[in-house]
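Here is a short report on one structure. It takes the ligands, the domains and the confidence of the model in turn.

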Amino acid sequence: MNAEMIKAQAYGLGFDLAGITALGPAESADAFDRWIEAGYAGEMSYLPRGAEKRRDTRRPFPAAASAILVALDYGGRQPAGPVARYARGDDYHDVMWRMLSSLHDWIDENSGRAVAGKSYVDTGPILERDLARRAGLGWFGKNTNLVNPRLGSFFFIGALLVDLELEQDAPFEADRCGSCTRCLDACPTQAFVEPRVLDATKCISYLTIEAKSAIPMELRESVGELIYGCDICQEVCPWNVRFAQELKVPAFAPRGFIAGKDARSLANDILALDDAGFRAAFRGSPMKRAKLAGLKRNAEVVLRNLGNENDIPTVHVDPAISRSTCT
Ligand code: B12
Ligand code: SF4
Ligand code: SF4
């Protein structure tokens with residue numbers, strides 16, 4: 001089985017980029033450790049827990065020798081809205097997982113032996129951007145996203161680790177950001193400590209998805225009309241302005257509950273949901289991650305930002321999460 005055949009099959013399955021790298025020490029492990037040490041991971045306790053394994057990509061799956069890295073575009077050309085583009089349709093973990101499983105099956109069938117393999121899409125202690133850069137998929141943008149010169153950065157990363165020795169691609173060594181600072185300047189919460197270092201505790205994506213506690217009072221206004229996730233530091237990037245793609249994976253098209261709604265109407269609809277309604281509206285969606293209480297917290301902040309508090313009192317938001325954390 002050779003590397004070119006595997007990459008051709010990955011493209012054939014619908015991935016937009018494919019590259020191969022050997023496993024070993026993660027080059028940016030020290031940057032990751034410093035980031036954890038500084039407290040920038042906030043409440044994401046799964047990150048420090050996996051720190052030791054993240055140092056070396058041989059540790060999570062010791063049988064493996066090579067990593068096949070893939071990217072799947074999620075349509076950055078779609079208009080901005082209250083939900084980040086990546087989260088409007090079906091859960092990318094499931095979509096990518098199925099595609100990586102098909103790739104693994106194909107490798108198995110065509111290798112003349114059973115090939116041990118394990119897929120990762122945000123699902124294990126792997127520094128995915130680190131591996132993807134080493135496999136030649138792009139460079140670390142100053143907004144920390146991996147940027148590709150033909151695709152921009154609106155793509156997911158997935159990795160299939162296999163027990164095959166495969167020819168490696170050249171790492172992406174160039175820094176194509178140059179003197180640009182558009183992403184750093186555009187961030188509404190000034191969440192970048194320096195280029196390529198994000199204080200996640202200030203990032204709207206973290207505040208509206210990962211954080212379980214209230215959104216700090218001093219950051220609420222900056223959340224603006226964003227109910228779930230944030231794309232601002234990608235929208236302003238010249239590589240996306242030029243190369244962002246139309247949405248082509250039907251599974252990522254906005255689901256009925258979200259499609260065509262502005263921030264006010266989506267926020268009101270979320271605040272009106274009960275548990276059964278939430279389950280029905282968000283079955284198979286990545287937005288389930290915030291739970292109904294988190295979505296209601298976000299919706300309330302957005303409605304206050306829109307300046308019409310009359311929308312709010314009709315609903316009961318859990319006081320534990322709507323209360324300010326400011327003293
Ligand atoms: C935790 C996490 C978050 C956190 C923290 C993000 C962050 N920048 O650290 C939060 C919740 C904020 C988040 C937000 C988003 N995320 Co996220 N997230 C992750 C996750 C699970 C781990 C990332 C991590 O380890 N962060 C810690 C920091 C230190 O690592 P890093 O950001 O990857 O940075 C690397 C490099 O920048 C480099 N580095 C760090 N410092 C320095 C300094 C120098 C000088 C240099 C050269 C390099 C360097 O080393 C780091 C480690 O390899 C990954 C999946 C995974 N397992 O990797 C997805 C992942 C990074 N997220 C992803 C996405 C899509 C998003 C959002 C766009 C979603 C949205 N629209 O709301 C935003 C983007 C926000 C942003 N500007 O990063 C994609 C990114 C795809 C891409 N093209 O890069 C990933 C890879 C998931 C996936 N499988 O597709 N995310
Ligand atoms: S995702 Fe939004 S809040 Fe987070 S760093 Fe980018 S612009 Fe700032
Ligand atoms: S906006 Fe500019 S600095 Fe930021 S990632 Fe894009 S090219 Fe790099």
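## The shell around ligand 3

Around ligand 3, the shell residues divide by class into 8 nonpolar, 3 polar and 2 charged. This is a predicted model. The shell around ligand 3 holds 13 residues, and the nearest are G141, C177, C180, C183 and C237.

Helix 7 (182-186) gives at least two residues to the shell around ligand 3, and so does helix 11 (238-243).

## The shell around ligand 2

Ligand 2 has its own set of neighbours. Among them are the cysteines C187, C203, C230 and C233. N143, T189 and S205 also belong to the set around ligand 2.

By class, the shell around ligand 2 has 9 nonpolar residues, 3 polar ones and no charged ones. Helix 8 supplies at least two residues of this shell, as does helix 10 (232-235).

## The shell around ligand 1

Ligand 1 is surrounded by 36 residues. S28, A84, D130, S205 and G229 are the closest to ligand 1. Several elements each give two or more residues to this shell: helix 2 (29-37), helix 6 (128-134), strand 6 (155-162), strand 8 (197-198) and helix 8 (204-210). Helix 8 makes the largest share, with 4 residues.

The classes around ligand 1 are 22 nonpolar, 7 polar and 7 charged residues.

The chain is split into domain 1 (3-162) and domain 2 (182-232 + 253-322). Their C-alpha centres are 26 Å apart. In the contact between them, domain 1 takes part with 24 residues and domain 2 with 33 residues. On the side of domain 1 that touches domain 2, 12 residues are nonpolar, 5 are polar and 7 are charged.

## Confidence of the model

The average pLDDT of the chain is 93, and 94% of the residues score at least 70. Over residues 313-317 the pLDDT stays under 50, and the model has 6 contacts beyond four places in sequence for them. Residues 322-327 also have a pLDDT below 50. This second stretch has 14 contacts in the model beyond near neighbours in sequence.

Note on methods:
Residues are numbered from 1 along each chain as its sequence is written. Chains are lettered from A and ligands numbered from 1 in the order in which they are written. This is a predicted model: local features need pLDDT of at least 70, side-chain atom pairs count only at pLDDT 80 or more; totals for chains, interfaces and linings use all residues. Domain bounds come from an automatic or database domain assignment. Two residues are in contact if their C-beta atoms, placed from the backbone, lie within 7 Å. Ala, Val, Leu, Ile, Met, Phe, Trp, Tyr, Cys and Pro count as nonpolar, Asp, Glu, Lys and Arg as charged, and the others, Gly among them, as polar. A residue is near a molecule or strand if its C-beta atom, placed from the backbone, lies within 6 Å of it. pLDDT is the predictor's confidence in each residue, from 0 to 100.
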